[in-house]
Amino acid sequence: MGLRQKIIDSQIYRDFIQRKATGPLRTYYDIPPADPSRSVMDTEFIALDLETTGLDPKRDEIVSLGWVIIRQLGVDFSSCEHVLVRPKRELSESSVVVHHIFDSDVANAPDIGTALEHLLPQMAGRVLISHHAPIELGFLGQACKRCFGAPLQIPTVDTLVLALRDLHRSGQPMKSGALKLDNLRRSHNLPPFRAHNALSDAIAASGLFLAQIAKRDPKGELELNRILR
Amino acid sequence: MSIELEEIAEFLKQHHPFDLLPDEEINALPKRLTARYFRAGTKVLSPEEQCLHLYIIRTGGTETRDPNGQLLARLSEGECFGVRAMFRNGKAANNITTLEDSLCYLLPEKDFHGLADKYPQFKYFFAQMGGDRLRSGMQLLESRDDDQLKLMSVKVADLIARDLVSIDKSATILEAGKLMSKERVSCLLVTEGEDHVAGIMTDRDLRNRVVAQGRSYDDPITEIMTANPISIHPDDYAFDALLTMTRHNVRHLPVMKGGKAVGMITTNNLLARQSLSAVYMAGRIGKLTDPADMAKVIKQVPELLSHLIEAGATSQNAGHIVTTLSDAATVRLLQLAEEKFGPPPVPYVWVAGGSQGRQEQTALSDQDNCLIIDDTYDPEQHSDWFKALAEFVCDGLNTVGYVYCPGEMMAKTDQWRQPARVWQQYFNKWIEQPEPKALMLCSVWFDLRPIHGTKSLFDNLHRLIVSKARDNRIFQAYMVGNALTHHVPLGFFKNFVMIRGGEHDSTLDLKHNGVVPIVDLARIHALANGVDAVNTFERLHAVKSFPSISKQGASDLLDAFEFISITRLKHQVRQIRRGDAPDNFLHPESLSAFERSHLKDAFSVIKNLQSALENAFGKSGT
């Protein structure tokens, strides 16, 4: 982990940005972050995925968010949410091809600020799970800055990083596509998902996460520290 | 509902019994679920552990073992565990371990009961599994409100779970194996032409006749199939299927109608539907090696009996099933003895007498048995082996719960462990020079049934007994004298004559004053007419056509026997349900007026036929 990241993850930085944050982001920071010395069993996680108009958080926008909460290493389907977001600009053809979300779908959807207002309380005190987290962190961070004046700090588990560690440890040569969510799920005997959208990918990542934890420690007594990004 | 949850709903719809629920319920279910993941080899539940969810296996597989480590089930995708916990206040009953990496969906107990209360067919599926109290030692503590399957009222046709999977007899073993794997069945019907049944092939055959014998997979299946299998009719009752399977020790029965196979039922069908299975218990005994472990199974016989009677079984059915279990324990102990002491030096047959011989055991009985050894028996060389065997088995049966016979009518007694020629001398003496006292003691030896070993040894002796007894009037007269010593409890005005004072004050002894006199009557009529059956029902049916008893008399006696036996069994079931030890002493007030009058009728039938017998054979010997 680089020095910059250490600073970004630090309590001092958190105190600093909390003072700048407004609205729901300020409330978010009122709740202390998950304790890294706790066991994973006693930690609550939020698996999240989002779909965007492109790959650059500075230029592109979020069009949908999906999440599900994990308590006591169980994926709680009652907490599933899928939120469409109305972007400021019209959807480009190239992004529609990827996520199949059309302008007409999002015409009546809330804007990103309203969506975050709904999401942030769900993230407070929890640990983010994402498959390739820089995307989620980048887009959510940008959105928070734009809407509520400060970046987002959240302890994060990246299932892709965990998978990479597993692969390195096994010492086997990496096959192409080995780190794709579907392939990783298959290698852990998890069922395939036909649908692909933000929520299904969030659920898919949550299942993979459970499998990765079970592999490390079936009882879940593992410290959160050991798996954070 | 979002697409991804729809996939979970789709998954549920494909699996029984969720497929029984209406769409709106299924679609609402995913939101109530939690997903959990377990690595292969993880112990998910242990007995008495808190379990507040029903577990539905999404991927992977698990193994269920009872607290003693006995394997109960292997479950895979779409199957559920934690069912027992749903019916015992959230306490797991068994050990559940994952066999593969598994993803499970957990349905909260409250939602489970919500569905179960609303949809009887859904509850029914689980109640059978959850009501399977026999599988644990905790039965009596559990709730009893789950609907019991009326074993006697469900037809075989209702048990057929899926379409028949069949294969032409020209197929090879490899093709059959592939088909079984693809269709996920444990048994194939082998057909010839359109629908003529040539045989059946089971996974057991693959193991025993292919793998174990190193046979080529290219051999035709006709080499390993069971030709002309035992079958059952769709209109037969589930109960008949159970009996047939137990009797023939098979796990699959083709269902045939008008010469065509219409389905297949397996022990699993019965187990899933039928909470208490004698097949299961007998199979379990067959795998145990310690009499103390067998005792745990046999301890459940009272519970089994209760279920059978409550399900409407006749006393004859109940007797057959309960006896099947003591037969299973006997056979198993003999196998273990042969493993321990080596193969028998000369042929022998283990024979059961008394109620086990007649297949009329009830809750728990003592043991009556003997050994008939081949005449090549040389006491110098062989007596040690047979003594060791008999002691091992009799002691084992005592541990299992069939206590020593107070009269020592057991194979471990030297006198009752003899070569065939000595047994012939015994019977010659009893029949040709009867002594009343000796006869009374050895009446158990006139109800013999071979259990294990060289059956021809028994057959030869039995033929001799039957032919000698038929021709000997003096012997018959002595037997009659004995039989008449058991009086029925009726006074001159057809009022009950009850036991006075003591522990059983104001009761009727249904065994000694009801069942035993009929058994005696049936034995005498059978022996006098050369009938070789030993079961009382069979004896009475067989003697109907003989002059020694009127046809009406035999029919009346059959009815009386059933009525008294079932009254006795129901009395015992009530005691078992109360947590008391079953006995034979009935307070007549515990019966309805209607039942009381029936019971009086039954006793007067016995009384009349005893008098008729006395007249026919003449009273003597007493």
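pLDDT is the predictor's confidence in each residue, on a scale from 0 to 100. The structure described here is a predicted model, and that score is the place to start.

**Confidence and make-up of chain A**

Chain A has a mean pLDDT of 90, with 99% of its residues at 70 or more. Within the chain, confidence is highest in E4(A), at 97, and lowest in helix H4 (residues 93-99), where the mean is 76.

The secondary structure of chain A consists of 10 helices and 5 strands. The chain has 229 residues, of which 41% count as buried. When contacts in chain A between residues at least 6 apart in sequence are considered, 68% of them join residues at least 24 apart.

A:Ser95 is a residue of helix H4 of chain A, the element with the lowest confidence in that chain. A residue counts as buried if 20 or more other C-beta atoms lie within 10 Å of its own, and as exposed if there are 12 or fewer. A:Ser95 has 19 C-beta neighbours inside 10 Å and therefore counts as partly exposed. Leaving aside residues up to four places away in sequence, A:Ser95 touches A:Thr53 and A:Gly54. The C-alpha atom of A:Ser95 is also 7.5 Å from that of A:Thr52, although these two residues are 43 apart along the chain.

An open sheet of 9 strands takes in strands of both chains, in the order E5(A)-E4(A)-E1(A)-E2(A)-E3(A)-E1(B)-E8(B)-E3(B)-E6(B), with mixed pairing. Its edge strands are E5 (156-158) of chain A and E6 (80-81) of chain B, each of which pairs on one side only. Strands of a sheet pair through backbone hydrogen bonds, either parallel or antiparallel.

| Strand pair | Bridges | Residues opposite each other |
|---|---|---|
| E3(A) and E1(B) | 2 bridges | A:Val75 and B:Ala35 |
| E1(B) and E8(B) | 5 bridges | B:Tyr37 and B:Leu103 |
| E3(B) and E8(B) | 6 bridges | B:Tyr55 and B:Leu106 |

The pairing of E3(A) with E1(B) is antiparallel and links a strand of chain A to a strand of chain B. E8(B) stands between E1(B) and E3(B) in the strand order. Of the 7 residues of E8(B), 6 are buried, so this strand is largely enclosed by the rest of the structure.

**Helices on the sheet**

Which strands of chain A does H6(A) touch where it packs on the sheet? They are E1 (45-52), E2 (62-71), E3 (74-84) and E4 (127-130), and the direction of the helix makes about 15 degrees with that of E2(A). Helix H8 (residues 159-170) of chain A lies across E4 and E5 of that chain, at about 50 degrees to E5(A).

Two packed helices are described by the angle between their axes and the distance between the axes. For helix H6 (residues 112-123) and helix H7 (residues 133-148) of chain A, the axes come within 10 Å and cross at roughly 110 degrees. Angles from 65 to 115 degrees count as roughly perpendicular, and H6(A) and H7(A) are therefore roughly perpendicular to each other. On the H6(A) side the contact involves A:Ile112, A:Gly113 and A:Leu116, which meet A:Ala143, A:Cys144 and A:Cys147 of H7(A). By class, this contact has 5 nonpolar residues, 1 polar residue and no charged residues.

**Contact between the chains**

The contact takes 25 residues from chain A and 23 residues from chain B. On the side of chain B that touches chain A, helix H1 (3-13), strand E1 (34-38), E3 and strand E8 (102-108) each supply at least two residues. E1(B) gives the largest share of that side, 5 residues. By class, the chain B side divides into 9 nonpolar, 5 polar and 9 charged residues.

**A second sheet in chain B**

Chain B also holds an open sheet of 4 strands in the order E9-E10-E11-E12, again with mixed pairing. Strand E9 (166-168) and strand E12 (226-227) are its edges, and each pairs on one side only. E12(B) runs antiparallel to strand E11 (residues 196-202) of chain B, and 2 bridges join them. In this pair, B:Ile200 stands opposite B:Thr226 of E12(B).

Definitions and conventions. Residues are numbered from 1 along each chain as its sequence is written. Chains are lettered from A and ligands numbered from 1 in the order in which they are written. This is a predicted model: local features need pLDDT of at least 70, side-chain atom pairs count only at pLDDT 80 or more; totals for chains, interfaces and linings use all residues. Axes are lines fitted to C-alpha atoms, for helices over the stretch in contact, and angles run from 0 to 180 degrees between N-to-C directions. Angles under 35 degrees count as roughly parallel, over 145 as roughly antiparallel, 65 to 115 as roughly perpendicular and the rest as oblique. Two residues are in contact if their C-beta atoms, placed from the backbone, lie within 7 Å. Ala, Val, Leu, Ile, Met, Phe, Trp, Tyr, Cys and Pro count as nonpolar, Asp, Glu, Lys and Arg as charged, and the others, Gly among them, as polar. Two strands pair if DSSP finds at least two bridges between them.
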